[in-house]
Amino acid sequence: HFKIISNTNVMINLKNIKNQKHIDIKIIELLFYTFPLSFIIGNLILSAHLLLFIIISTIYLIRHKINIRFDKLNFLLLTFFLYLFLSTTIQFPDIFNTWLDIRNIKLEKLPLENQPIFKSFLLLRFLILIVILDVLFFNKILNLKKFFYFTLFCTSFVSIDIIIQYIYGVDLFGYKNIGERYSGPFGDETIAGSYLQKFAFISFFSIFLINFKNKKINKILFFFIIVLHATAILMSGNRMPMILFLFGCLLMSLFVKNLRIATWGSLLAFVLVFFLIYTNNKNI
């Protein structure tokens with residue numbers, strides 16, 4: 001009877017551990033997959049999102065005793081960040097004088113934002129993020145496919161919202177254009193083009209993760225998505241993201257042979273869209 005009770009308790013404990021582990025993984029997955037959405041909401045939410053992801057992931061790794069890998073890439077990154085941190089410390093030693101007089105200075109008067117050493121220290125969170133992601137992917141806790149799908153949804157939504165704002169003068173959230181720039185869901189921040197340029201190529205390749213019976217559908221979607229994103233970046237009024245986006249498409253056509261025809265076809269269609277907009281909008 002004692003053995004049966006002991007075995008039952010062990011099974012219950014194992015089940016509870018397994019359930020807790022499953023919940024932790026779901027939270028980590030949710031936080032990782034929704035990063036593109038945080039970029040849209042704003043910098044404060046993005047910073048809080050990043051910090052929360054790092055804290056929860058670190059707790060998970062410690063709780064389940066998952067070892068951190070330390071390969072050559074991690075060593076190079078650590079060396080780079082260490083150099084950056086030490087160089088700012090040596091070149092800008094005034095912060096230590098501030099620390100010595102900390103009791104005589106009000107907190108709101110501390111020039112933390114103007115101190116390169118603090119900016120370098122804050123950059124360490126990206127180093128921690130890279131190490132955590134490396135461990136999570138190596139242990140197959142995160143799935144890139146879902147991240148690609150969610151990115152495709154976010155960038156396509158932003159593109160459609162910008163086009164709606166261009167046509168009707170107001171987007172789905174009630175934001176109006178700022179001068180001759182169309183920011184869509186970003187409101188007063190004219191960074192829509194930069195956002196699309198950074199995440200667009202993840203969206204492009206996510207299309208080929210969708211298993212259609214007819215593979216031609218993937219290329220048709222690929223063609224349509226490139227034209228959609230390129231048009232939205234053009235309407236956003238961000239010039240450098242437009243140039244970088246076209247340069248990225250050029251590189252993609254050179255190095256990905258299977259997509260060469262589809263890429264050039266979509267760029268040709270975008271040129272036609274560009275001239276159509278150009279003839280009807282002097283500012284563009």
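User: Among contacts in the protein chain between residues at least 6 apart in sequence, what percentage join residues at least 24 apart?
Analyst: This is a predicted model, in which local features need pLDDT of at least 70 and side-chain atom pairs count only at pLDDT 80 or more, while totals for chains, interfaces and linings use all residues. Residues are numbered from 1 along each chain as its sequence is written, and side-chain values use heavy atoms, with hydrogens and water left out. A contact means heavy atoms within 4.5 Å. Among contacts between residues at least 6 apart in sequence, the share that joins residues at least 24 apart is 67%.

User: How many helices and how many strands are there in the protein chain?
Analyst: Helices (H or I, at least four residues) and strands (E, at least two) are taken as DSSP runs and numbered from the N terminus. Read along the sequence, the chain follows the pattern α-α-α-α-α-α-α-α-α-α-α. The count is therefore eleven helices and zero strands.

User: Which residues does Phe222 touch, not counting residues up to four places away in sequence?
Analyst: Phe222 is among the residues with the most contacts inside the largest nonpolar core. With residues up to four places away in sequence not counted, Phe222 touches Phe204, Ile207, Phe208, Met252, Leu259, Ala262 and Thr263.

User: Is Phe147 buried or exposed?
Analyst: Phe147 is found in helix 7, and, residues up to four places away in sequence not counted, it touches Phe32, Tyr33, Pro36 and Ile202. The C-alpha atoms of Phe147 and Leu30 are separated by 9.5 Å, although the two residues are 117 residues apart along the chain. Because its relative accessibility is 10%, Phe147 counts as buried.

User: What class does Ile45 fall into at 41% relative accessibility?
Analyst: Ile45 lies in helix 3, and its C-alpha is 9.9 Å from that of Phe35, ten residues apart in sequence. Because its relative accessibility is 41%, Ile45 counts as partly exposed.

User: What is the volume of the largest pocket?
Analyst: On a 1 Å grid over the protein atoms alone, a pocket is an open set of points where a 1.4 Å probe fits, with protein on both sides within 12 Å along at least five of seven lines, and lining residues have an atom within 4 Å of a point. Of the 15 residues that line the largest pocket, the closest to its centre are Phe35, Phe39, Leu50, Phe126 and Leu129. Grid points are joined across faces, edges and corners, and a volume is the space filled by probe spheres set on the points. For the largest pocket, this volume is about 380 Å³.

User: Which helices each supply at least two residues of the lining of the second largest pocket?
Analyst: The second largest pocket has a volume of about 270 Å³. Its lining includes Ile233, Leu234, Arg239 and Met242. The helices that each supply at least two residues of this lining are helix 9 and helix 10.

Notes. A nonpolar core is a set of buried Ala, Val, Leu, Ile, Met, Phe, Trp, Tyr and Cys residues joined through side-chain atoms within 4.5 Å. Buried means under 20% relative accessible area, exposed over 50%, partly exposed in between (1.4 Å probe, protein chains only).
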